[in-house]
Amino acid sequence: DAAGSTAETASAPATPVQSSDTTATGATAAQTSELLASLTHEEMEELISGSTTLEQLTQQRAEAADPGTGSTTALPEYEQQLQALINQLYAVKARAESSLNNTIQSATAEYKALPAAKQTKSRKIAIVMGKASELKAMEASCDKEVDDIVNQMRALLTQNGQSTALADEALAAYKAQKSEMVSSLTSKLYG
């Protein structure tokens, strides 16, 4: 499932936000920490999948506590950085999917260019195996990018006294999606 998010450049993690710091709307880092610590499993999955943001969760909670206010709660800087890192994960996913689709299209075009008599299963597999080094390089590049982003997430969360569960879940989601994609494509190739 494609994430339609665009990448935002994240700067290096800033100094941890102190609990006495407040946002323009008065939310303290302690309140933000409480939000992160109180995320349900479903909210974490929504955050990781991109169907919600930390700012939206903060606003939903504020509106639930005081219905009808309609106020927008600004996020502390480290939460904005965390959201930017999550957006970077979606950008990596989008680039990987695009690159993978281009490789598949190239292999398909190569196969379809063969005379009908040579369009065999073994020839199809040979064409795909010819793309193996390109695919492995792409996988290694994506793995490194995701590891770097997740490590930045862990550092940012730790600096701000938060659990690293969000980073762990993001990495687990990446690995699960990658495994599912490899399994699906392998079954199509050999199926």
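This is a predicted model: local features need pLDDT of at least 70, side-chain atom pairs count only at pLDDT 80 or more; totals for chains, interfaces and linings use all residues.
Helix 7 gives the most to the lining of the largest pocket, contributing 15 residues.

**The largest pocket**

- The largest pocket holds about 1,600 Å³ of space, and of the 48 residues that line this pocket, those closest to its centre are Leu100, Lys178, Met181, Val182 and Leu185.
- Two or more residues of the lining come from each of helix 2 (41-49), helix 4 (77-112), helix 5 (121-130), helix 6 (132-159) and helix 7 (165-190).
- By residue class, the lining of the largest pocket divides into 31 nonpolar, 6 polar and 11 charged residues.

**Salt bridges between separate parts of the chain**

- The side chains of Lys131 and Glu110 meet in a salt bridge, with a distance of 3.8 Å from N to O; Lys131 lies in the loop between helix 5 and helix 6 while Glu110 lies in helix 4, so this pair ties together parts that are 21 residues apart in sequence.
- Of these two partners, Lys131 has a relative accessible area of 12% and is therefore buried, the limit being under 20%, whereas Glu110, at 37% relative accessibility, counts as partly exposed.
- A salt bridge also joins the side chains of Asp168 and Arg154, at 2.8 Å from N to O; because Asp168 belongs to helix 7 and Arg154 to helix 6, the pair ties together parts that are 14 residues apart in sequence.
- Asp168 is partly exposed, with a relative accessible area of 35%, and Arg154 is likewise partly exposed, with a relative accessible area of 24%.

- Glu139 forms a salt bridge with Lys136, in which the closest N and O atoms are 3.6 Å apart, and both residues lie in helix 6 with a spacing of 3 residues, which is about one turn of the helix.
- Glu139 counts as partly exposed at 27% relative accessibility, while Lys136, at 55% relative accessibility, counts as exposed because the limit for that class is over 50%.

Key: Residues are numbered from 1 along each chain as its sequence is written. Side-chain values use heavy atoms; hydrogens and water are left out. On a 1 Å grid over the protein atoms alone, a cavity is a set of points where a 1.4 Å probe fits but cannot get out, and a pocket is an open set with protein on both sides within 12 Å along at least five of seven lines; lining residues have an atom within 4 Å of a point. Grid points are joined across faces, edges and corners, and a volume is the space filled by probe spheres set on the points. Helices (H or I, at least four residues) and strands (E, at least two) are DSSP runs, numbered from the N terminus. Ala, Val, Leu, Ile, Met, Phe, Trp, Tyr, Cys and Pro count as nonpolar, Asp, Glu, Lys and Arg as charged, and the others, Gly among them, as polar. A salt bridge is a side-chain nitrogen of Lys or Arg within 4 Å of a carboxyl oxygen of Asp or Glu. Buried means under 20% relative accessible area, exposed over 50%, partly exposed in between (1.4 Å probe, protein chains only).
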